[in-house]
Amino acid sequence: MADSKLESFFCFWIDIIINLFLIPELFSLFLCSKLTISMKKESFVSIADCTKEDILQLIKKAEFFEQHPDQKILEGKVCATLFFEPSTRTRLSFETAVNRLGGRIIGFTDAATTSSSKGEILKDTIKMVSNYADLIIMRHYLEGAARYAAEISNIPIINAGDGANQHPSQTMLDLYSIYKTQGTLENLHIAMVGDLKYGRTVHSLISGMSHFNPTFYLIAPEELRIPEIYKQFMDENNIPYYEYTDFSEEVINKSDILYMTRVQRERFTDLMEYEKVKNIYVLNNKMLSNSKDNLRILHPLPRVNEIAYDVDDNPKAYYFEQAKNGMFARQAIICEVLGIDYEH
């Protein structure tokens, strides 16, 4: 066990060192991702920047917007969506959130059509867009990109996902979905299944739930185990967790939340490795027959093969409602970072 942990530790740092040499701009992004750096308080970069009270306040705001989604409180505001990486649900829910609040959207969905394809660095892109908008919503393929952008921007930044690092707006909609289905965030047993190595939604959810005394069941193949840094975080915060390589009904039956994830092909440099693990865990309806009545199945989507279609009609399947909750959670986040009184 000690040798395995030591090997994981060295592999983690070797990956970092290789990337620092291969991608020059990553050096400054790395510093912003891994070190504790003061950040503009209006930005929403990591769920780790939120206190328990912050999270509960955002849930309260999301509840308000679910009841009153159409407002005019962003009238006169321009929000820029900068998506350097593909997205469907995150981008559309952010854009719908802005439109329903009366704001306007500018931005791009394909970095190949922007000046970054000509060699423009991220710093210059952020500085330029900051001149046109009141808020930047950004997805980037490099870890730490959102925190770096928050440091150099004079307007708030919302992190819509930065590589395999964080996805805090997804975490807020996950927390809101858990709260809605369980009536609480406290003392829940949460099973996370699939890609726990590169899954930024998993990494963020561990951080977000850390305030609420969770127990985690971590089901992943050896190649996609949760990184050591997150196990250290759980140890330091006295969060019980159990690791499995088998996806069994025994684990499902003691869970309140079953959080399924896809194996992300885009994170693999070796496609042979991807082929080995891509369909390793598949949830079907029969596996839920003895699960708790309150169990709900979440998935950040898109799914590939990890949830069989026969699960869709099970009342415990909640992933499509979860996606709908994203608009309300993101309306709450947008108003929070802009300092807007959402009740008037």
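Residue Q170 is placed in helix α7, where helices (H or I, at least four residues) and strands (E, at least two) are DSSP runs numbered from the N terminus. The model is predicted, so that local features need pLDDT of at least 70 and side-chain atom pairs count only at pLDDT 80 or more, while totals for chains, interfaces and linings use all residues. Residues are numbered from 1 along each chain as its sequence is written, and side-chain values use heavy atoms, with hydrogens and water left out.

With a relative accessibility of 6%, Q170 counts as buried; buried means under 20% relative accessible area, exposed over 50%, and partly exposed in between, computed with a 1.4 Å probe on protein chains only. When neighbours within four places in sequence are left aside, Q170 is in contact with T201, Y259, P300, Q322 and R330, contact being defined as heavy atoms within 4.5 Å. Helix α7 itself comprises residues 168-182 and is mostly covered, with 13 of its 15 residues buried. From its first C-alpha to its last, α7 reaches 21 Å, close to the 21 Å expected at 1.5 Å a residue; the expected span is 1.5 Å times one less than the number of residues in a helix. The helix is followed by G183, whose phi is positive, near 80 degrees.

Strands β2, β1, β3 and β4 form, in that order, an open sheet of four strands with parallel pairing. In general, strands of a sheet pair through backbone hydrogen bonds, either parallel or antiparallel. Two strands are taken to pair if DSSP finds at least two bridges between them. Because β2 (104-108) and β4 (157-162) stand at the edges, each with a single partner strand, one side of each is left without a neighbour in the sheet. Neighbouring strands of this sheet are turned by 15 degrees against each other on average, direction ignored; axes are lines fitted to C-alpha atoms, for helices over the stretch in contact, and angles run from 0 to 180 degrees between N-to-C directions. Strand β1 (residues 78-83) runs parallel to β2 and is joined to it by five bridges. In this pairing, V78 stands opposite R104 in β2.

Side chains of opposite charge can pair when their charged atoms come close. The structure holds 13 salt bridges, each a side-chain nitrogen of Lys or Arg within 4 Å of a carboxyl oxygen of Asp or Glu. One of them links the side chains of R225 and E243, at 3.2 Å from N to O. R225 lies in the loop between β6 (215-219) and α9 (228-236) and E243 in strand β7 (residues 241-244), so the pair ties together parts that are 18 residues apart in sequence. Both residues count as partly exposed, R225 at 21% relative accessibility and E243 at 33%.

The side chains of K292 and D256 also meet in a salt bridge, at 3.1 Å from N to O. Since K292 lies in the loop between α11 (271-277) and β9 (296-298) and D256 in the loop between α10 (249-253) and β8 (257-260), this pair ties together parts that are 36 residues apart in sequence. K292 is partly exposed, with a relative accessible area of 30%, whereas D256 is buried at 5%. A further salt bridge joins D312 to R303, whose closest N and O atoms are 2.6 Å apart. Here D312 is partly exposed at 24% relative accessibility, and R303 is buried at 19%. Salt bridges that share partners also join E222, R225, E228, K231 and E243 into one network.
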